[in-house]
Amino acid sequence: ARTYRLLRLSTVQDLTARVAEDIGQDPHRIRFWCMVNRQNKTIRPDQPITDPRMTIEDVYMKLAGTKLQELRLWVEVLEEGDLVNLHIWPTPASPQSAAGSAPKSENILLFLKWFDIEHQTLRGAGHLYIGKDRKVEDLVPLILRKMGWPEKTPSGEKTQLRLYEEIKPQMIDAMKGKQTLKAAELQDGDIVCFQRISDGKSSDSDKESVPTLPCQ
């Protein structure tokens with residue numbers, strides 16, 4: 001994580017300009033999410049900062065959700081393929097509510113981790129947005145497009161994925177395809193681990209391959 005020192009009265013817009021220059025991005029394509037401690041001892045992005053006019057002190061007092069001295073933020077960068085989905089982000093000029101909370105959205109932010117069965121590796125695969133009333137199985141075509149994988153296998157069958165929610169490091173839970181994301185209690189900042197099922201190979205050993213690995 002990068003560390004920045006700013007005056008308390010500096011604005012989010014000031015920080016945005018500084019970070020954008022550091023990472024070589026257009027400041028209009030990045031925004032910050034406050035990170036909070038969860039009861040299961042994980043630290044996840046909780047809500048975006050939608051008002052760039054807020055001071056760093058206001059963000060810390062209203063949104064940080066921590067007694068630590070530092071303000072912990074995740075920087076989201078709008079990907080090239082998401083330029084048509086700018087509606088996902090609230091209008092920058094719209095102020096955060098009086099209580100400091102962001103406007104409610106029907107979309108939730110999910111992080112992805114790909115478990116490569118062949119190489120026995122687990123790595124981040126970016127993030128995506130999806131409506132909370134959509135079903136778990138609706139994640140599959142979104143992940144396939146993100147990974148550049150075909151929708152069908154060489155044999156003509158649909159490409160299948162196994163999906164797991166990462167509860168915390170070294171603990172995952174299999175997801176039910178027909179269940180809605182809301183019913184599965186998924187929220188902003190949650191992590192979905194996935195693995196690709198080999199064409200015609202969905203043996204018991206394949207089913208058990210992910211739970212035996214730590215998700216870190």
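Q: How much space lies in the largest pocket?
A: About 950 Å³. This is a predicted model: local features need pLDDT of at least 70, side-chain atom pairs count only at pLDDT 80 or more, and totals for chains, interfaces and linings use all residues. Residues are numbered from 1 along each chain as its sequence is written, and side-chain values use heavy atoms, with hydrogens and water left out.

Q: Okay, and what counts as a pocket?
A: On a 1 Å grid over the protein atoms alone, a pocket is an open set of points where a 1.4 Å probe fits, with protein on both sides within 12 Å along at least five of seven lines; lining residues have an atom within 4 Å of a point. Points are joined across faces, edges and corners, and the volume is the space filled by probe spheres set on them.

Q: What classes of residue are in the lining?
A: There are 15 nonpolar, two polar and six charged residues. Here Ala, Val, Leu, Ile, Met, Phe, Trp, Tyr, Cys and Pro count as nonpolar, Asp, Glu, Lys and Arg as charged, and the others, Gly among them, as polar.

Q: Switching topic: in what order do the three strands of the open sheet go?
A: β2-β1-β3, with antiparallel pairing. The edge strands are β2 (43-48) and β3 (73-77), each pairing on one side only. Two strands pair if DSSP finds at least two bridges between them.

Q: How many bridges join β1 to β3?
A: Five, with β1 covering residues 30-37. Ile30 stands opposite Val77 in β3.

Q: Where does helix α1 lie?
A: Helix α1 (residues 12-23) lies across β1 and β3, at about 105° to β1. Axes are lines fitted to C-alpha atoms, for helices over the stretch in contact (heavy atoms within 4.5 Å). Angles run from 0 to 180 degrees between N-to-C directions.

Q: What about the sheet with five strands, what's its order?
A: That open sheet goes β5-β4-β8-β6-β7, with mixed pairing. β5 (121-131) and β7 (171-174) stand at the edges with a single partner strand each, so one side of each has no neighbour in the sheet.

Q: Which strands does helix α3 touch?
A: Helix α3 (residues 139-147) touches β4 (107-116), β5, β6 and β8 (190-196).

Q: How many residues sit between β4 and β5 in their hairpin?
A: Four, and Gln120 in the turn has a positive phi of about 55°. β4 and β5 pair over nine bridges in the antiparallel sense, and Ile108 has Ile130 in β5 as its bridge partner.

Q: Last one: what's the mean pLDDT?
A: It's 83, and 79% of the residues reach 70 or more. pLDDT is the predictor's confidence in each residue, from 0 to 100. Over residues 201-216 pLDDT stays under 50, and over residues 90-95 pLDDT also stays under 50.

Key. Helices (H or I, at least four residues) and strands (E, at least two) are DSSP runs, numbered from the N terminus.
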